[in-house]
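Colleague: I would like to learn how to read strands, sheets, helices and interfaces in a model. Please take me through one.

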Amino acid sequence: MIAPNNQLNTETEMKGNTPDPSRRDWLFNVGMALNILAGLALAAPLIGFVFSSFAERKDPRSWISLGRLENYPEDSTRIATYRNPYTRPWDGETADIPCWVRRLKGNQFQVFAINCTHLGCPVRWFKESGLFLCPCHGGAYYEDGARAAGPPPRGLFTYDYKVENGELWVKGGEMPTLSNPV
Amino acid sequence: MQWLRKTAVWLDDRLHLTALYASTAGHEVPASAGSWFYVFGSATLLCFIIQIVTGSILAFVYIPSTNEAYTSLQYLNHAQFWGWYIRAVHNWGSNFMVALMTAHMIQVFLFGAYKYPRELTWISGVFLLLMTLAMAFTGQVMRFDQDAYWGLTIGASITGRVPLIGAQLVHVLLAGPIIAGETLSRFFTLHVFIIPGLIIAIVSMHLRLVLTKGINEYPKPGHPIHKSTYDAEYAEILRKEGVPFVPNAVGKDLIFAALVIIGILACAFFLGPKGPGGPPNPTIVDTNPRPDFYFLAIFAALALLPDWMEVIILFAAPAIMIAFLLLLPFISGTGEKSAGRRPVAVLSVIFIMLTIGVLAYMGETSPWSPNMGAWSAAPVPIQYVRGRTPLAMHGATIFQNKQCRNCHMLGGVGGERGPALDDVATRLTGPEMVRQVIQGGGNMPAYGKKLTPAEVEALVAFMETLHGRATPPAQDAAPPQNKLPRDFAIVMPRAVHASR
């Protein structure tokens, strides 16, 4: 940038400050403009590739079966695992997502995400005291998912669920966070 | 030998090696800079080179796929010839790098080396600090085990607290809606290509600035610097006592470099690689995720902060700290350099290091986390059941079965989330215990729905016996109205009433 300008100055001085754009000047400006265009053409797909989550509005969630209702006795809380619907062939066991299924009476359920609402660590169910406890920072929740103690800002995240053909279905597919609670 | 000399002269003519040497390794430094305090920067760079070499070698075998990474780590540990050792050197190299970088930063701060005219050297160093921490976090993810998986979850949950665009940022971080498929590839790219590339670029600038602006002279107390005179003073120092860095001032760096390498190799050989821990399978919920030691202090702060402060501390505090570090050479760019005349600087370093150290210790011990196995695994101390009534002994069983022990210690064993209960009877009367158990409060869940009145009675009967032999139990301030044994029926309605 500096070099052509300097040369330009000497040149215009030599020509007695005539304002006509020189051929060199034209080449430089067109060259810069072309490179800016080419750079944008290169950058746009790169940025779109990496930050696609800002562009794509598709809901990654779908209905997943957690198995027969008989697996979940009334008045009990059990762990269930599903294969995440958003999968890649190389996911391995990371796409096996656990959740806590609490069956109250009949077809009344509560399905809690495994992730503590504080920072996402896996909560563990303690039947005897009726609490979910988090191993990271000591968050505690009651059996209905309400916050009991510790740093969590809210109760456990709950999945939408439905009962169909004798099976329990939940709507899952996304890691729950405070800005996106299931 | 004539041809050898000719080749050397030819190479020098083409590559200008002599000139390059004179302006780099042979550049003049103040003789006072050949100090043992000045060895940490070169040692940090050495660690970075070791990390590049060992990391490249590990990448020959490592597979950055969520399905294969864990197996390839096991393969490196157990099947690849010297694989465990290279993993260990890479791990210890990173520990040494963070430690030496911290030492370097403290030394530069205490010796006033960030002051005029070396502002940019300091600022580029701040970016190197951030990049190194980013390498530490992404490196922890490369060791793709349970801790890596849940560490990512914590990272995503923190990101999810960003206002407005949190959800999208989580997707950018994880490269998808959950930790799977592309997540590890993304962190591999950051750890192996992008961040090291940035580090190399910034280190180049950092070193270039050392050459252009010179190395800081060993500060003398009572010699404050002024922008108008410093450049001439420094030129004078170089004129009077300037020596070429190589060979005159490099000796201590060399010795320290060798010690660092030997230290890394010895730690690697005797202490071995770190992990991988359990497999990165989220369905294994019996896990106790902990970050590597660089992030234990933050991990601890997140447990100890009141929740209204969390978002502020998570986002505002780092921004303020980074801004302060970047602005430091402009806030105090002149004046006294010697630590002996800068008590606030010295005290700040001590305070910050103590804070980080104490938080990291707390993160390691995690007293806020329930002791998940204490209720079924820890025996009731025998002195707490000896000579007790059947009711109290039943209460001891309830104490265990209802998992009170997970948060409350007895005899030094159990959780530390709540207070130890060895002498609870000296602090609370029976009715107060009933209220606390049923209603909870003070960060204790309420157990009213999970305990029958009979269980509460037995539990409280047990806890009322928990006081020292010579220490009387707590009493109500009101004079005792009857000497009858405590009747649960009298207490219970009051407690239930209170819980409404």
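**Reading the model**

Modeller: Start with one pair of residues: A:Lys162 has A:Trp169 as its bridge partner in β10(A). Strands here are DSSP runs of E with at least two residues, helices are runs of H or I with at least four, and both are numbered from the N terminus. Two strands pair if DSSP finds at least two bridges between them.

Colleague: What should I know about the numbering and the model itself?

Modeller: This is a predicted model, in which local features need pLDDT of at least 70 and side-chain atom pairs count only at pLDDT 80 or more, while totals for chains, interfaces and linings use all residues. Residues are numbered from 1 along each chain as its sequence is written, and chains are lettered from A and ligands numbered from 1 in the order in which they are written.

Colleague: How many bridges join β9 to β10 of chain A?

Modeller: Four bridges join β9(A), residues 161-164, to β10(A), residues 167-172, and the two run antiparallel. They form a hairpin with two residues between them, and A:Asn165 in the turn has a positive phi of about 50 degrees.

Colleague: What is the order of the strands in the open sheet of chain A?

Modeller: In a regular strand the side chains alternate between the two faces of the sheet. In this case three strands of chain A form an open sheet in the order β2-β3-β4, with antiparallel pairing. β2 (76-83) and β4 (109-113) of chain A are the edge strands, each pairing on one side only. From one strand to the next the twist averages 30 degrees, taking axes as lines fitted to C-alpha atoms (for helices over the stretch in contact) and angles from 0 to 180 degrees between N-to-C directions.

Colleague: Which pairings does β3(A) make?

Modeller: Eight bridges connect β2(A) with β3(A), residues 96-103, and A:Tyr82 has A:Ile97 as its partner in β3(A). Five bridges connect β3(A) with β4(A), where A:Phe109 stands opposite A:Arg103. β3(A) and β4(A) form a hairpin with five residues between them, and A:Gly106 in its turn has a positive phi of about 55 degrees.

Colleague: Why is β3(A) described as largely enclosed by the rest of the structure?

Modeller: A residue is buried if 20 or more other C-beta atoms, placed from the backbone, lie within 10 Å of its own, exposed if 12 or fewer, and partly exposed in between. Six of the eight residues of β3(A) are buried, so the strand is largely enclosed. Over the 182 residues of chain A, 37% count as buried.

Colleague: How many residues does α7(B) have, and how many are buried?

Modeller: An α-helix has 3.6 residues a turn, so residues three or four places apart point the same way. α7(B), residues 146-159, has 14 residues and reaches 20 Å from its first C-alpha to its last, close to the 20 Å expected (1.5 Å times one less than the number of residues). Of its 14 residues, 14 are buried.

Colleague: Which elements of chain B touch chain A?

Modeller: Contact means C-beta atoms, placed from the backbone, within 7 Å. On that basis 54 residues of chain B are in contact with 49 residues of chain A. The elements giving two or more residues to that side of chain B are α7, α8 (166-174) and α13 (296-304).

Note on methods: Contact = placed C-beta atoms within 7 Å.
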